[in-house]
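Here is a friendly walk through some backbone details and charged side-chain pairs. Have the sequence and the model open as you read.

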Amino acid sequence: MRALSLLLILGFLTVLSVASCVVIPLERAFPLNGLVELSQLVARDQLRHSRMLQGLVGGVVDFSVQGTSDPYLVGLYFTKVKLGSPPREFNVQIDTGSDILWVTCSSCADCPQSSGLGIQLSLFDTTSSSSARMVPCSDPMCSSEYQTTATQCSQSNQCSYSFQYGDGSGTSGYYVTDMLSFDAVMGQSSIANSSALIVFGCSTYQSGDLTKTDKAVDGIFGFGRGDLSVISQLSSRGITPRVFSHCLKGDGSGGGIMVLGAIMEPSIVYSPLVPSQPHYNLMLQSIAVNGQLLQIDPSVFATSSNRGTIVDSGTTLAYLVQEAYDPFVSAITATVSPSVTPTISKGNQCYLVAASVSQIFPPVSLNFASGASMMLKPEDYLIRSGFYNGDTMWCIGFQKVQGGISILGDLVLKDKIFVYDLAHQRIGWANYDCSLSVNVSITSSKDFINEGQLSMSSSTKEMLFKLIPLSFITFLIQLLELVEFQFL
């Protein structure tokens, strides 16, 4: 009987301990086989940086962005979400620099009707979803203390929002609650169709760059640190872990995977998040080129109202403050000058290369707090900009920021696993081939499943007893012993 009791306890604890992960496939907005002017990408980054600025409480930080118009082979990442009852699919941009999930409303008169990205645009109609409800002004989430975005109360008692951007672009609308449907990985090779009630925005007006059809999507999926981000909403109710991950494929047609949960990889290194910041700020301490530390004053990396280093999947390029950018470019040029021809193209430092860049250009290391280094291959800081006299022209992909914040965008984030561990206030990364399957944790670092080949690890029993308090286990044993005594 005692053995049976222990088996029952293990079975009960297993049910309690398994947490679900949500796996989201990604696609590129701009295919890699098409040329995009660098000025277009810088302009798009500047727009989304102004969006980030509007989300700050207590003031606006000036993100001074500069760039050139060099052509650039790159993509923006977006995914599909299912909203409403019955669920409908919407293509939304992945954005770790903002908090809110919003999609275009059917009542929007000036919003894009078509997209040049090869996707069919969808409009959210609250009357077509049986589970959609407007958020009233009396709801606590409508107060300014709860969120960082501008809210107001409409005449119809709807909780409304308005995002105004620095160049005049923006969106406004109202908040609704409705069902988000997703596939939850439950372990033991099982995937369950799940849904949860969430708050998101329904956009009734868009202006500026958001109205352009060449890169139009259905909305933006904010994965920021705020209470209204989907990851915060789901994790606060125990539906998903308080961690999310992505692996963005950089070559070929792009794509990748987004996971509401932790991707597991032995080579992942972690660095703590800077506390009390609205974005994913890391403490960059130094930069090394070919193993040699650059002479950069560490104070230029310190986080303040207009300094610091942000990880942001919504930014296409990467940006370095001038005090770090200049010695960085000088070190790269000095290392490769004997083998390539340095040149300036449209104000950007470029190189005419006859061989493979991986054989000529040095590795770069971005060194963060807690001894976590991010190793960059040449393709992580260079962009291919066409051909000249039979040679390939490669240009420095980092842009110079004069008196601003360094931002690690998709140029750096691609071809790496990134884990945003909000529970432990840290970010981890590791170089990875994102065309491969990934191991996804459903409980802790000792238990993971392989996406596409789902299985539970053999350490489940040991981990379960670590997760459940010993006093609770003792109580269950005593309870089963009492039941056992009653039948003697």
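Let's begin in the loop between β4 (77-83) and β5 (88-95), where proline 86 is found; helices (H or I, at least four residues) and strands (E, at least two) are DSSP runs, numbered from the N terminus. The peptide bond from serine 85 to proline 86 is cis, with omega near 0°. This is a predicted model, in which local features need pLDDT of at least 70 and side-chain atom pairs count only at pLDDT 80 or more, while totals for chains, interfaces and linings use all residues. Residues are numbered from 1 along each chain as its sequence is written, and side-chain values use heavy atoms, with hydrogens and water left out.

Serine 276 sits in the loop between β16 (269-272) and β17 (281-282), and its phi is near 60°, a positive value in a residue other than glycine. Serine 276 is also exposed, at 72% relative accessibility; here buried means under 20% relative accessible area, exposed over 50%, and partly exposed in between (1.4 Å probe, protein chains only). In the loop between β22 (341-345) and β23 (348-353) you will find lysine 346, a non-glycine residue whose phi is positive as well, near 55°. For background, most residues other than glycine have a negative phi, and most peptide bonds are trans.

Now to the charged pairs. A salt bridge is a side-chain nitrogen of Lys or Arg within 4 Å of a carboxyl oxygen of Asp or Glu, and by this rule the count comes to six. Among them are these:

| Salt bridge | Closest N to O |
|---|---|
| Arginine 307 and glutamate 323 | 2.9 Å |
| Lysine 377 and aspartate 380 | 3.5 Å |

Elsewhere, salt bridges that share partners join Lys377, Asp380, Lys414 and Lys416 into one network.

The bridge between arginine 307 and glutamate 323 links distant parts of the chain: arginine 307 lies in the loop between β19 (292-293) and β20 (309-311), and glutamate 323 in helix α4 (residues 322-336), 16 residues apart. Arginine 307 counts as buried, at 17% relative accessibility, while glutamate 323 is partly exposed, at 36%.
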